[in-house]
Amino acid sequence: MLNKAFLVLLAVATAVLGEEIQWYTTRSCSGSSSLDYRNVACNTCNNPDGDWYAVEVTGIGSGQQVTVHNQHGCTSGSVVGQQYGDLCMVAGNTALRSVYVSC
């Protein structure tokens, strides 16, 4: 019984903390990222300092919504893109500044 409970807990922890968010200073998600966050918890705003021109989110499920914002703080008025599942989003006229990944 203890082994089953441990495996369930491990599966939940992996699902919640498996996200990776990579920020790029170029308008492309190819090459090396400039900033890399691993094992990011869902339902949090990833809000690095500076202006970014591409962001890549991986390790999430196809039912998890990602919103990308052109202001810090992941406010509803600053959404410049949204998608379900893994993504690479490139900035348009304004820099990208925060990302929110739902659970």
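How many bridges join β1 to β4, and in which sense do these strands run? I looked this up at the outset in a predicted model. I found five bridges between β1 and β4, and the two strands run antiparallel.

Entry: Q22 stands opposite E56 in β4. W23 stands opposite V55, also in β4.

**Entry: the other neighbour of β4.** I followed β4 to β7 and counted four bridges, again with the strands running antiparallel. For E56, I noted C88 as the bridge partner in β7.

Entry: I wrote down the strand order as β2-β1-β4-β7, an open sheet of four strands with antiparallel pairing. β2 (35–40) and β7 stand at the edges with a single partner strand each, so one side of each has no neighbour in the sheet. On average, neighbouring strands of this sheet are turned by 10 degrees against each other, direction ignored. I also reminded myself that side chains in a regular strand alternate between the two faces of the sheet.

**Entry: pairings of β8.** Next I turned to β8. Strand β3 (residues 44–46) is joined to β8 by three bridges, and the two run antiparallel. Within this pairing, C45 has Y100 in β8 as its bridge partner. β5 also pairs with β8, over four bridges and in the antiparallel sense. There I noted H69 opposite S98 in β8.

**Entry: the nonpolar core.** Which residues touch the most other members of the largest nonpolar core? I found I21, V55, V57, V66 and V99, out of 15 residues in that core. The elements that contribute two or more residues are β1 (19–24), β4 (54–58), β5 (65–69), β7 (87–90) and β8 (98–101).

**Entry: contacts of V99.** What does V99 touch, leaving out residues up to four places away in sequence? I listed I21, W23, T44, C45, N46, V55, V57, V66, T67, V68, H69 and C74.

Notes: Residues numbered from 1 in each chain as written. Predicted model: local features only at pLDDT ≥ 70, side-chain atom pairs only at ≥ 80, totals over all residues. Heavy atoms only, no water. Core = buried A, V, L, I, M, F, W, Y, C linked by side-chain atoms within 4.5 Å. Buried < 20%, exposed > 50% of the residue type's maximum accessible area, 1.4 Å probe, protein only. Contact = heavy atoms within 4.5 Å. Pairing = 2+ DSSP bridges. Axes fitted to C-alpha atoms, helices over the stretch in contact; angles between N-to-C directions.
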